[in-house]
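Please read the points below with the sequence and the model side by side. They are meant for someone meeting this structure for the first time.

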2 protein chains.
Amino acid sequence: MARLGAGLDRALDDLHDLDDLDDLDLRAVTRSPVLEYLGRLLDEYRELDEGEVATYIPELGRADPGWFGICVVTADGHVYEVGDTDLEFTIQSISKPLVFGMALEDQGRDAVLQRVGVEPSGNPFNSIVVDDRNRPFNPMVNAGAIVATGLINARDDDERMARIVDSLSRYAGRHLELDETVYRSESATGDRNRAIAHLMRSFDMLRGDVDSVIDAYFRQCSFLVTCRDLATMAATLANRGTNPITGERALEPRYVENVLSVMSTCGMYDYAGEWVYTVGLPAKSGVAGGVVAVLPGQLGIGVFSPPLDARGNSARGIKVCQRLAADFDLHPLRFQPEVRNIVRRSYHCSQTRSNRVRTPEEYDLLTGHADSVVVFELQGDLFFGSTERLFRGVVDDIAGVDAVVLDCKRIGNLDGAALSMLSSLRVALDDVGCVLVVADAPTGVLEDVAARSFTDADGALEWCENRILAQFGSPAESLPEDLGIQELLGGLTAEELALVERSAIVRRVPAGEVVFREGDHADAIYFVLSGLVSVRLPLVGEGRDRRLATLGPGVAVGEMAFLDEGRRSADVVAERDSTLARLSLDDLREIGRAAPRVTATFSANLARNLSGRLRRANEQVRLLAH
Amino acid sequence: MARLGAGLDRALDDLHDLDDLDDLDLRAVTRSPVLEYLGRLLDEYRELDEGEVATYIPELGRADPGWFGICVVTADGHVYEVGDTDLEFTIQSISKPLVFGMALEDQGRDAVLQRVGVEPSGNPFNSIVVDDRNRPFNPMVNAGAIVATGLINARDDDERMARIVDSLSRYAGRHLELDETVYRSESATGDRNRAIAHLMRSFDMLRGDVDSVIDAYFRQCSFLVTCRDLATMAATLANRGTNPITGERALEPRYVENVLSVMSTCGMYDYAGEWVYTVGLPAKSGVAGGVVAVLPGQLGIGVFSPPLDARGNSARGIKVCQRLAADFDLHPLRFQPEVRNIVRRSYHCSQTRSNRVRTPEEYDLLTGHADSVVVFELQGDLFFGSTERLFRGVVDDIAGVDAVVLDCKRIGNLDGAALSMLSSLRVALDDVGCVLVVADAPTGVLEDVAARSFTDADGALEWCENRILAQFGSPAESLPEDLGIQELLGGLTAEELALVERSAIVRRVPAGEVVFREGDHADAIYFVLSGLVSVRLPLVGEGRDRRLATLGPGVAVGEMAFLDEGRRSADVVAERDSTLARLSLDDLREIGRAAPRVTATFSANLARNLSGRLRRANEQVRLLAH
């Protein structure tokens with residue numbers, strides 16, 4: 001057990017003491033422990049009197065040192081905010097990782113790496129020192145950020161700025177405006193950055209028009225954002241590049257790790273190593289007092305407090321991030337992907353059947369060969385570590401197995417390494433005469449990998465069962481089209497059966513025709529003599545249905561009417577051209593009056609049938625709930 | 001879809017072409033695509049002719065530049081190895097992160113940080129430059145490593161070395177031996193390191209006896225390891241500090257992230273930023289040609305190849321790690337914890353019942369209030385991000401809910417932040433008059449959080465059901481002790497019921513007494529008149545049993561005997577003092593001969609009962625398999 005964060009505990013103690021609120025209000029608005037905690041953090045660090053507001057341009061110097069806001073946005077878009085989270089200030093250097101992401105999208109990893117390094121420099125942010133390959137050390141120092149801005153594809157200045165506005169606004173989830181005053185002030189006093197740009201141009205480190213690029217750089221730093229915007233931007237990076245509130249993509253997922261990498265190692269000026277050690281979150285600060293920090297997969301943090309420490313990071317911002325990381329145990333290296341649980345459960349065909357209803361003989365046959373089909377229900381992301389473990393789990397235990405079904409309903413992302421491992425799995429299974437079947441896989445992804453692909457596990461199971469029955473000779477194939485083979489009529493004498501046959505009406509039902517519908521009056525039992533019918537449950541408002549069961553010769557449908565006359569609970573539809581014998585309940589009762597043993601036998605058969613179905617259902621429940 | 005690594009693809013193509021092997025052999029030893037891939041990587045980079053073997057001491061200079069081994073050990077202890085993975089060489093600087101881990105365990109995070117920094121230095125590994133707080137830059141440069149060695153608690157030299165040997169050996173999973181020749185050579189030529197140590201002593205950066213500490217430092221670098229040892233050490237770090245092969249703990253889990261942090265930022269000399277950017281794996285190299293790299297939660301990599309590049313890292317080692325990272329998509333920032341799937345599924349009491357069998361009246365009552373109990377089945381690790389989402393999921397949807405059950409059977413780790421969030425959840429639920437119940441939680445962890453705690457979900461559900469029945473008045477409480485209320489005898493006339501009553505034998509069964517056992521001849525049906533009995537399945541060889549169901553008044557047990565005379569399939573035991581009416585099958589048949597309507601009615605009731613149970617079981621299957 002990790003220790004509890006002291007601040008968190010205190011906030012919770014306090015929360016437990018509050019009981020002067022109205023119960024009805026509470027049911028509507030449950031107090032959030034996270035919000036309470038953030039409020040306490042805000043109060044605590046409001047007292048902190050460290051650092052100085054930046055003054056290199058007058059506009060920044062006018063900031064109130066008391067402004068203070070904290071916002072946390074989760075990777076699914078829930079916003080927790082306390083303090084001055086609506087105040088606007090300029091984004092400044094926090095634009096750097098985002099524009100670096102644009103450069104990556106436009107030029108690709110390798111081309112960008114040729115122009116700007118990714119090493120922490122140990123030099124001030126406005127240094128012109130370059131590395132041994134004539135590159136700025138990294139895109140978080142001004143020189144590197146200017147190069148990154150120059151790498152954005154655009155035909156002219158307007159297009160470049162339009163693209164930057166669009167990108168930053170996607171991260172924030174709202175249209176961002178420029179602070180013209182700050183921009184003009186930055187531009188008017190930006191000699192050092194101009195010098196850096198021209199020097200780089202002279203060394204061929206920067207291409208294109210220097211004035212145009214440097215102007216875009218000044219502008220990108222002058223966009224107005226709020227503390228909430230910063231947290232949303234961070235949450236967008238935490239959510240693989242998609243803004244979790246708007247659902248809009250701001251950055252291609254494959255470049256997210258690169259942006260987070262440089263934020264990790266170079267984001268907090270020359271404080272990177274200790275930051276990684278104590279906080280661990282990829283982060284970036286801006287000279288107007290903003291700080292963003294990202295916990296991949298979980299949340300984004302935004303803090304706003306103008307006074308800066310000696311390194312140029314928001315003094316309160318640093319403290320808040322350190323406390324959040326400590327109190328909530330947020331170090332990214334603590335979180336491990338779920339490799340263990342990639343197989344949610346696995347089962348043999350003996351434990352779960354398809355919804356295809358079989359005759360007792362077919363069930364016996366399937367039971368005898370049930371271990372030859374094994375289903376692996378997968379969950380989570382498929383990547384190298386999880387798929388490697390899946391591979392071993394499958395091939396280590398395939399003695400006597402003829403078919404492996406991968407139920408992919410619950411898988412999330414699937415990368416190239418996982419796909420390669422699955423291709424290898426197919427080959428390994430082929431080698432031992434075992435077929436690989438996938439169910440419910442993302443469209444277009446696994447068709448080439450599997451021998452057969454089905455939209456759901458039920459379809460895959462039915463195919464595997466049919467394969468076993470075909471291989472070992474299904475008794476149903478050779479069944480005569482008469483009532484003698486019906487399970488529910490078993491044990492009747494020839495005379496008794498003749499009574500039933502005289503009352504039953506045999507009907508040919510073409511494929512697709514509805515036998516009865518949900519809600520119809522339940523007045524008859526249908527015995528399937530040939531073909532195949534299915535029981536389907538219409539899904540209200542969805543214009544589609546769910547198949548509950550399919551039934552072939554020897555099996556009855558609508559038999560529950562005998563126990564509980566009323567309305568049909570589902571549709572029954574012919575899947576193929578079928579022959580059904582319809583026996584009305586009135587006729588069955590009439591027969592019972594003349595020959596009481598017929599209904600008694602029918603009842604007992606039905607009870608035995610239900611008992612078998614109940615046993616199979618209970619086995620399935622035990623398996624599923626294991 | 002990510003692109004496929006070219007090397008991986010080629011290895012797989014080749015694998016697909018191999019078909020001259022015997023099928024039986026293949027079933028026994030399925031070819032591993034990972035092993036094939038590593039073999040190909042080995043062949044490819046064997047050709048690489050870059051770098052020079054270290055020569056500063058003669059022993060290292062004698063290394064064969066052609067020695068080359070690659071080993072991957074998964075976080076569950078599976079070993080993939082190709083090439084010279086059994087050759088011994090000296091561990092050198094790869095000991096540094098491990099000894100740093102010992103210093104953390106002995107002194108704690110803060111005390112260690114006072115003595116040694118965690119910033120990449122940008123200086124050579126043997127530099128004596130210190131930071132502005134008079135600390136070596138980090139524990140991966142010699143000065144920092146010497147300080148870390150000095151921080152190990154020991155009464156004397158022998159104890160210090162014994163502890164270092166023990167620690168390193170736990171990582172490797174075997175007892176490591178010193179290379180005396182290398183040690184003496186390092187010691188004889190180690191003037192620079194001695195100078196560093198003495199300088200640090202003069203600045204009070206290093207405490208204790210300099211000669212003793214520096215001697216331990218030379219020794220720790222001279223332990224003999226194999227490439228497989230390195231991969232095992234890395235896998236131990238990947239597995240939260242526990243060696244996955246031996247199961248022995250080498251490092252406390254809470255310090256693993258600190259060790260990995262400095263490996264990330266300082267492990268590869270002055271190549272840290274680009275390493276994080278392109279490979280991303282926390283790593284460390286040694287001058288004898290070893291490289292370790294860690295993918296947390298997934299695997300450890302060891303490479304051995306003596307020729308070093310200009311930075312002092314194994315030239316082939318770097319290339320192999322880069323290729324592995326690219327081909328298998330291994331960047332750690334790509335992997336996100338499973339926050340989404342923390343709730344495996346949730347259901348109301350209407351969808352899943354406890355194993356307590358109820359009368360139809362009780363079922364009706366429970367059905368009417370079933371939405372007042374909601375069960376959340378949790379899975380994976382509970383940490384801030386996942387528990388925060390759970391909190392919201394629960395409190396956002398508790399209108400009309402009186403009890404929340406957290407089924408903790410499948411949870412893994414649970415940290416302090418998660419525990420705080422769960423405490424808050426209890427308070428939030430208390431506020432709205434809703435009780436928090438936990439089932440199957442790790443011992444001693446959640447007792448204080450929950451109002452009630454049960455060993456399994458079934459017990460929790462039964463408690464919640466009983467709470468509903470007690471609150472709304474259970475009809476069973478006031479049932480008369482006669483057969484008239486028996487579900488299976490419903491619809492019989494008074495005369496017919498009298499026939500049954502005359503044949504039935506009423507028995508008082510004290511709590512704990514066995515009514516019948518699995519395997520007994522099934523010759524009678526028992527009607528429960530009062531008390532409570534349970535159906536239990538003995539678990540063979542385990543000396544315990546599993547409760548399948550409990551039954552109260554109005555319910556029959558052993559009724560399946562009517563359909564399928566044979567042997568009992570489970571034990572039935574009185575849970576409380578109970579009264580049962582025993583009706584033998586012979587007597588039931590005898591009654592049927594005199595009054596055929598009795599058995600017909602009984603059959604129909606049984607079929608209806610089974611149909612209800614089947615419907616509930618199917619609902620549960622649908623829910624469980626959703």
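**Notes on the predicted model**

1. Helix α9 (residues 180-189) of chain A and helix α11 (residues 210-220) of chain A have axes that come within 9 Å and cross at roughly 135°. Axes are lines fitted to C-alpha atoms, for helices over the stretch in contact, and angles run from 0 to 180 degrees between N-to-C directions. α9(A) and α11(A) are therefore oblique to each other (angles under 35 degrees count as roughly parallel, over 145 as roughly antiparallel, 65 to 115 as roughly perpendicular and the rest as oblique). Helices (H or I, at least four residues) and strands (E, at least two) are DSSP runs, numbered from the N terminus.

2. The crossing of α9(A) with α11(A) is right-handed (left-handed if the near helix is turned anticlockwise from the far one by less than a right angle, right-handed if clockwise). On α9(A) the contact is made by Y183(A), E186(A) and S187(A), and on α11(A) by D215(A), F218(A) and R219(A). Two residues are in contact if their C-beta atoms, placed from the backbone, lie within 7 Å. By class, the contact of α9(A) with α11(A) has three charged, two nonpolar and one polar residues (Ala, Val, Leu, Ile, Met, Phe, Trp, Tyr, Cys and Pro count as nonpolar, Asp, Glu, Lys and Arg as charged, and the others, Gly among them, as polar).

3. This is a predicted model, in which local features need pLDDT of at least 70 and side-chain atom pairs count only at pLDDT 80 or more, while totals for chains, interfaces and linings use all residues. Residues are numbered from 1 along each chain as its sequence is written, and chains are lettered from A and ligands numbered from 1 in the order in which they are written.

4. Chain A has 22 helices and 21 strands. Of its 626 residues, 53% count as buried (20 or more other C-beta atoms within 10 Å of the residue's own; exposed if 12 or fewer, and partly exposed in between; C-beta atoms are placed from the backbone). Among the contacts in chain A with a separation of 6 or more, 73% join residues 24 or more positions apart.

5. Apart from neighbours within four places in sequence, N193(A) is in contact with N142(A), I146(A), I214(A) and Y217(A).

6. Chain A has an open sheet of five strands in the order β2-β1-β7-β6-β5, with antiparallel pairing. Two strands pair if DSSP finds at least two bridges between them. The edge strands are β2 (79-83) and β5 (283-285) of chain A, each pairing on one side only. From one strand to the next, the twist averages 10°. Strand β1 (residues 69-74) of chain A is joined to β2(A) by five bridges and runs antiparallel to it; V79(A) in β2(A) is the bridge partner of V73(A). Helix α12 (residues 227-238) of chain A packs on this sheet, touching β1, β2, β6 (290-295) and β7 (299-304) of chain A, and its direction makes about 155° with that of β7(A).

7. In chain B, helix α10 (residues 191-202) and helix α11 (residues 210-220) pack at an angle of about 140°, with their axes 10 Å apart. α10(B) and α11(B) are therefore oblique to each other, and α10(B) passes α11(B) in a right-handed crossing. The contact involves N193(B), R194(B), A197(B), H198(B) and R201(B) of α10(B), together with V210(B), V213(B), I214(B) and Y217(B) of α11(B). These residues divide into five nonpolar, two polar and two charged.

8. V116(B) lies in the loop between α6 (109-115) and α7 (142-150) of chain B. With 27 C-beta neighbours inside 10 Å, V116(B) counts as buried. V116(B) and F137(B) are 21 residues apart in sequence, and their C-alpha atoms are 6.5 Å apart in space.

9. Chain B has an open sheet of five strands in the order β8-β10-β11-β12-β13, with mixed pairing. Its edge strands are β8 (343-348) and β13 (452-454) of chain B. Strand β11 (residues 403-414) and strand β12 (residues 435-439) of chain B pair in the parallel sense over five bridges.
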